Amino acid sequence: ESGTAVVMDPHTGRILAIANYPFIDPAQFTTAPKETRRDTAITDPYEPGSIFKPFILAFALEKHVVRPTDVFFCHNGRYYDPTGRLVTDVHGYGALTVEEILVKSSNIGMTQIGWKMGIPMVYEAVSKFGFGQRTGVELPGDQKGLLPPLSKWTKGSLTSASFGYAVAATPLQLVRAYATFANGGYLVTPRIINAVEDSPGKTVPWTELAGSSPQQQILSAQTCTTMRNIMEGVYGEHGTARTAASKIYRLFGKTGT
């Protein structure tokens, strides 16, 4: 029914391409259906689901709550969290390492990691990755998404956020957050303007006019390397994206529904 694609330089935040489906002809803008007029990459937040798991795990690694080789029992696909809420996995798993929990996308494993972190730390992780804040891109309609204040979080929020629910994010917010793993831990500001023509044939780089956006380091380079290595496994023999593997490029990523 719909789709969004964003290509961004993870080091500078420069957006190289952005597209949405259904398509719209700019010449027919006023007569196009309302639902096609939005730049959904920046205006439509949604609950990310499993593609959110790396942000929680990265912070757990950064804060030394877990190590990639730590093992959690994943209860063969059915687990009741400490409040009695049922959490399930598509496939039933027994003992999984932290690395395997992400590669196999275990909700049960992530719930246990989230509870080990606790509400304040999970909330800090979500905030540090820029969720609940506008990205700063120079386009109208840049949305904050949905991040309830810490005072509104419950134990149910903790379980849900551990595997990508109870929080809503735009596609551009998610691209920005994933760029952190690629650039060594920095949260960049996406930008769509590359240069301004101030007279015919003479252009000025946008950074000279707007100034360089401050970059905040939210993860160590070591944590980012660890996360990239783990997420490469998503494309491996036992990962959830093995059919998307490349024989040419090294890829890291995460599947979601």
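**Cores, helices and salt bridges in a predicted model**

P22 is placed in the loop between β2 (15-21) and α1 (40-43); helices (H or I, at least four residues) and strands (E, at least two) are DSSP runs, numbered from the N terminus. The structure is a predicted model, in which local features need pLDDT of at least 70 and side-chain atom pairs count only at pLDDT 80 or more, while totals for chains, interfaces and linings use all residues. Residues are numbered from 1 along each chain as its sequence is written, and side-chain values use heavy atoms, with hydrogens and water left out.

The peptide bond that joins Y21 and P22 is cis, with omega about 5°. Most residues other than glycine have a negative phi, and most peptide bonds are trans. Two histidines have a positive phi: H64, at about 60°, and H75, at about 60°. H64 is located in the loop between α2 and β3, and H75 in the loop between β3 and β4 (78-80). H64 is exposed, at 71% relative accessibility, whereas H75 is partly exposed, at 29%. Here buried means under 20% relative accessible area, exposed over 50%, and partly exposed in between (1.4 Å probe, protein chains only).

In soluble globular proteins, nonpolar side chains tend to be buried together. A nonpolar core is taken as a set of buried Ala, Val, Leu, Ile, Met, Phe, Trp, Tyr and Cys residues joined through side-chain atoms within 4.5 Å. The largest such core holds 48 residues, and those with the most contacts inside it are F55, L57, V66, I113, F129, F131 and F181. Two or more residues of this core come from each of α2 (53-62), α3 (98-103), α4 (107-117), α5 (119-128), α6 (155-162), α7 (171-183) and α9 (221-232). The largest share, 7 residues, is given by α2. With residues up to four places away in sequence not counted, L57 touches V66, V98, L102, M110, I113 and M227; contact means heavy atoms within 4.5 Å. A second, separate core has 9 residues, among them I15, I42, V137 and A179.

Helix α4 is mostly covered, with 9 of its 11 residues buried. These are N107, I108, G109, M110, T111, Q112, I113, G114 and M117. At the start of α4, a side-chain oxygen of S106 comes to within 3.4 Å of the backbone nitrogen of I108. After α4 comes G118, with a positive phi near 95°. In α5, the residues V122, A125, V126 and S127 are buried, and what covers the buried residues of α5 includes α2, α4 and α6. G130, which follows α5, has a positive phi near 90°.

The count of salt bridges comes to 3, where a salt bridge is a side-chain nitrogen of Lys or Arg within 4 Å of a carboxyl oxygen of Asp or Glu. One of them pairs R38 with D44, whose closest N and O atoms are 2.7 Å apart. R38 is partly exposed, with a relative accessible area of 37%, and D44 is also partly exposed, at 24%. R250 and E232 form another salt bridge through their side chains, at 2.4 Å from N to O. R250 lies in the segment after α9 and E232 in helix α9, so the pair ties together parts that are 18 residues apart in sequence. R250 is exposed, at 67% relative accessible area, while E232 is partly exposed, at 27%.

The side chains of D70 and R67 also meet in a salt bridge, with 3.1 Å between N and O. D70 is buried, with a relative accessible area of 16%, whereas R67 is exposed, at 55%. D70 lies in the loop between α2 and β3 (71-73). A polar atom of the D70 side chain is 2.9 Å from the backbone nitrogen of R67. A polar contact is a pair of N or O atoms within 3.5 Å; within protein, one must be able to donate a hydrogen and the other to accept it, and residues adjacent in sequence count only if both atoms are side-chain atoms. With neighbours within four places in sequence left aside, D70 is in contact with L96, T97 and V98.
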